[in-house]
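Here's a quick briefing to read with the structure open beside you. Take it one topic at a time, and find each residue as you go.

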Amino acid sequence: MNNSFYNDFAARFAAGTLTSLVESFNNQVGKRGFNSARAAYDQALIDELVRRGIDVSVVFDGTTISFAHYVELDNNSLVIKK
């Protein structure tokens, strides 16, 4: 992973609100393109959510991040948006 991209995204997410982090996640749903910048973005986003104590297990199994569904925040957990 490109550490420069990761560090830039990590700083941006650290400064964001929880609402903006959820919006950032939802903006990735359905996108097919993938490269090192996208990998860094995705990992920095998940890492920041975890750092803030958010349960991301509905979209992240410790290895793979799923952008198959939109999510929302419910009691410090990401849940699939209905």
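The protein chain exposes about 5000 Å², and carbon and sulfur atoms supply 49% of that area. Those areas come from the Shrake-Rupley method with a 1.4 Å probe, and for residues only the protein chains shown count as cover. What you're looking at is a predicted model, where local features need pLDDT of at least 70 and side-chain atom pairs count only at pLDDT 80 or more, while totals for chains, interfaces and linings use all residues. Residues are numbered from 1 along each chain as its sequence is written, and side-chain values use heavy atoms, with hydrogens and water left out.

**The whole chain**

- Three helices and two strands make up the elements of the protein chain, and from the N terminus on they run α-α-α-β-β.
- The radius of gyration of the protein chain is 12 Å, close to the 12 Å that the globule rule gives for 82 residues, so the chain is as compact as a globular protein of that length.
- That radius is taken over C-alpha atoms, and the globule rule is 2.2 Å times the number of residues to the power 0.38.
- Helices (H or I, at least four residues) and strands (E, at least two) are DSSP runs, numbered from the N terminus.
- Along its principal axes, the C-alpha trace of the protein chain spans about 35 × 25 × 20 Å.
- Of the 82 residues in the protein chain, 35% count as buried; buried means under 20% relative accessible area, exposed means over 50%, and partly exposed is in between (1.4 Å probe, protein chains only).
- Take the contacts between residues at least 6 apart in sequence: 56% of them join residues at least 24 apart. Contact here means heavy atoms within 4.5 Å.

**Helix H2 and Ser24**

- Which residues of H2 are buried? They're Leu21, Val22, Ser24, Phe25 and Asn26.
- The buried residues of H2 pack against helix H1 (3-14), H3, S1 and S2.
- Ser24 lies in helix H2 (residues 18-26), and at 12% relative accessibility Ser24 counts as buried.
- If you leave aside neighbours within four places in sequence, Ser24 is in contact with Phe13, Tyr41 and Leu45.

- Tyr41 lies in helix H3 and counts as buried, at 10% relative accessibility.
- Not counting residues up to four places away in sequence, Tyr41 touches Phe9, Arg12, Phe13, Ser24 and Gln28.
- The C-alpha atoms of Tyr41 and Thr63 are separated by 15 Å, and these two residues are 22 residues apart along the chain.
- Asp42 lies in helix H3 (residues 36-51), and Asp42 is buried too, with a relative accessible area of 4%.
- Leaving aside neighbours within four places in sequence, Asp42 is in contact with Gln28, Phe34, Ile65 and Phe67.
- Between the C-alpha atoms of Ser24 and Asp42 there are 9.3 Å, with the two residues 18 residues apart along the chain.

**The largest pocket**

- How much space lies in the largest pocket? About 260 Å³.
- To find pockets, a 1 Å grid is laid over the protein atoms alone: a cavity is a set of points where a 1.4 Å probe fits but cannot get out, whereas a pocket is an open set with protein on both sides within 12 Å along at least five of seven lines.
- Lining residues have an atom within 4 Å of a point. Grid points are joined across faces, edges and corners, and a volume is the space filled by probe spheres set on the points.
- The largest pocket is lined by 14 residues, of which Phe34, Arg38, Asp42, Ile65 and Phe67 lie nearest its centre.
- That lining divides into five nonpolar, five polar and four charged residues. Ala, Val, Leu, Ile, Met, Phe, Trp, Tyr, Cys and Pro count as nonpolar, Asp, Glu, Lys and Arg as charged, and the others, Gly among them, as polar.

**The loop between the strands**

- Asn75 sits in the loop between strand S1 (71-74) and strand S2 (77-80), and Asn76 is in the loop between S1 and S2 as well.
- Asn75 isn't a glycine, yet has a positive phi of about 50°; Asn76 isn't a glycine either, and has a positive phi of about 60°.
- Are these residues buried or exposed? Asn75 counts as exposed at 71% relative accessibility, while Asn76 counts as partly exposed at 46%.
- Asn76 is in contact with Gly53, Ile54 and Asp55, leaving aside neighbours within four places in sequence.
- Asn76 and Gly53 are 23 residues apart in sequence and 6.9 Å apart in space, C-alpha to C-alpha.
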